[in-house]
Amino acid sequence: MENLRDLEIEEGKETEMIPPWTSHITIRGLVASIVIGIIYSVIVMKLNLTTGFAPNFNVSAAFVAFAFIRSWTMLLHKAGFVSRPFTKQENTVIQTCAVACYSIAFGGGFGSYVLGLNKKTYLQAGVDTEGNPPGSYKEPAIGWLIGFLFVSNFVGLLTLVPLRKVLVIDYKLAYPSGTATAVLINGFHTPKKDKKAKKQIHGFVKYFSVSFLWGFFQWFYSGGKGCGFANFPTFGLRAWKQSFNFDFSLTYIGAGMICTHTVNLSLLFGAVLSWGLMWPLIGEQKGVWFPETLPESSMKSLDGYKVFISIALILGDGIYNFSKTLYFTASSIYANLNKKTNRISSVDDTYALDDHQQNELFLRDRIPLWLACMGYMLFSVISIILIPQIFPQLKWYFVLVTYVLAPFLSFCNAYGAGLTDQNMAYNYGKVALFIVAASSGKNNGVIAALVACGLVKSMLSMASNLMQDLKAGHLTLTSPRSMLLSQAIGTAIGCVVAPVTFMIFYHAFDIGNPDGEYKAPYAIIYRNLAILGVEGFSALPHHCLQLAYGFFAFAILANLVKDISPEKVGKWMPLPIVIAVPFLVGANFAIDMCMGSLVVFLYDRLNKRKANFMVSAIASGLICGDGLWILPASILALAKVHPPICMNFLAAKS
């Protein structure tokens, strides 16, 4: 925090030289935002459809934005052209626009409720169940996806605009991701950091090239089912059959470098617990706990245990953190309302002056209240009319109630994110899912519940993301007008880019295949959550309910121990919601993520000072290079161009 304070004091001296807010948004910035937004949309979509898990890329996007524009200006300079200075305000705006664009690829629910609506997931959930009636599915299509995303996300964008002063200035919420992004951007644009910035750009370009070429090289050997480096039996064929292998995915290694050791070790713990112990043991009960004649993919067979135990972990973790966040939110609001002293007066005079300068800029470029309110009302009316037309199962009064409650729910979620950095939009979405499923009846319940979940999740997630970005803008002395406009531009681009990217994946790859690469694990989870809300526990296979109770209790207990234990003990407690991911996905990506942690650990030991500023650059290069290769790979798949070689591994003859 002291480093952040020093940066803020130094930057505060330049306040009078800040250009007007209209100059924060530039043509080159918009081009950079679109390019970065598209690349990260592809990356996030792949992660979403393979594991359902994606780390926070805000800091990575800020670095890539800096590298993009700095490289562009250097090329122009060498060619003899003079370009305008690259400011931290422009860097912040580019990062905001790009993040708003790719956030829809994850927050739009393409790996959860959207796929939960399609026919494949409907069949996988079991058409003979009471809560999954015939015809209760809707195939994804570009038209309704874009329309639904536009109305739900733009409402979320406008929800908290009138409360930005309360959350950022009055309550001084930390918003850790936004603060970390601001510290990085401030550091980039401090002259003494220029040598480090050049090294970071060089490292990014180097590992971007390596990652892209490695993806291209791997493609040649993947010409068939079970072929290629992704199926390399690193620990032997028996372990490979249980998904324990290193699959050479540089995207996951890069993501593992960004995520904390706790996250990556929790993934590995979940993989060992499920694929190493539980699934083999439960599989031996075939014919006792579930019929031998059922395929493994049936919800009445082994997949039923995988799905519902994962749901138990997710719900247990969600309920605990949801309750904790609401408690801290209520306590903090109460404390702030009863606080009689001005917060600025409690700090030293130098910092108070700088804080005053930041606040003055943040309040000077006001966003008209009438604009936010009129925009919110307009999009609400459009949604109440349009959404029931797209989904007749979701009645208009459910949409109306959602939009009436949205400002309150968005405030609670954004306040909690400011305290804990946890965006709980998906938990609010699950609450809406259960309420609508129980209220809509057996014929309409599943589709209505999934759509209501998506609506709440999109609105609240977008509102929370906006406050994170406004916090970054506050610390980098960027006008809130330019931040809101860039967020709106990024959202509009994302509402088109994300569905197009999804449909490319949807037609190019076998999405939702539990035995394939693109498992989309949360699609079946959300579908079964909706079915559970409609018909209760009758859909569960034998002994599944008891196991689910046990893991639900474990999730709450693990969180409780983590919170009440000393830090040196609590930091080793696994994260239940992270443990749940490999239960369905498999162990190989957890091994890749742990490899990322191992790289960071070794780099830190060899050269701690260099590792502190190079890890994010290397990780970004690995992720972006591998992610960019997905675009030509998808085009080749759509054009029916197949890899020429199948590299496979077989057991030696005895």
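Reply: Happy to, and one term first: a residue is buried under 20% relative accessible area, exposed over 50% and partly exposed in between, using a 1.4 Å probe and protein chains only. This is a predicted model, where local features need pLDDT of at least 70, side-chain atom pairs count only at pLDDT 80 or more, and totals for chains, interfaces and linings use all residues. Residues are numbered from 1 along each chain as its sequence is written, and side-chain values use heavy atoms, with hydrogens and water left out.

The part I'd pick is Gly108. With a relative accessible area of 2%, Gly108 counts as buried, although its place is in a loop, the one between helix H4 (88-107) and helix H5 (113-116). (Helices are DSSP runs of H or I with at least four residues, strands are runs of E with at least two, and both are numbered from the N terminus.) Once neighbours within four places in sequence are set aside, Gly108 is in contact (heavy atoms within 4.5 Å) with Ser103, Tyr113, Val114, Leu149 and Ser458. Phe148 is 40 residues from Gly108 along the chain, yet their C-alpha atoms are separated by 9.5 Å.

The chain has 26 helices and zero strands, and 57% of its 654 residues are buried.

Thr51 is found in the loop between helix H2 (27-50) and helix H3 (58-78), and its relative accessibility of 1% makes it buried. Leaving out residues up to four places away in sequence, Thr51 touches Tyr252, Pro521, Tyr522, Val581, Val585 and Phe589.

Pro521 and Tyr522, two of those partners of Thr51, bring us to helix H20 (residues 521-535). H20 is mostly covered, with 15 of its 15 residues buried.

Ser274 is buried, as are several other residues of H13, including Val263, Leu267, Leu273, Trp275, Met278, Trp279 and Ile282.

Two residues are worth a look for their backbone. Most residues other than glycine have a negative phi. Phe248, however, has a positive phi of about 60 degrees. Phe248 lies in the loop between helix H11 (237-241) and helix H12 (250-258), and a relative accessible area of 22% makes it partly exposed. Lys640 also has a positive phi, near 65 degrees, and sits in the segment after helix H26 (608-638). Its relative accessible area of 66% puts Lys640 among the exposed residues, whereas Gly108, where we began, is buried at 2%.

Terms used: Expected span 1.5 Å × (residues − 1).
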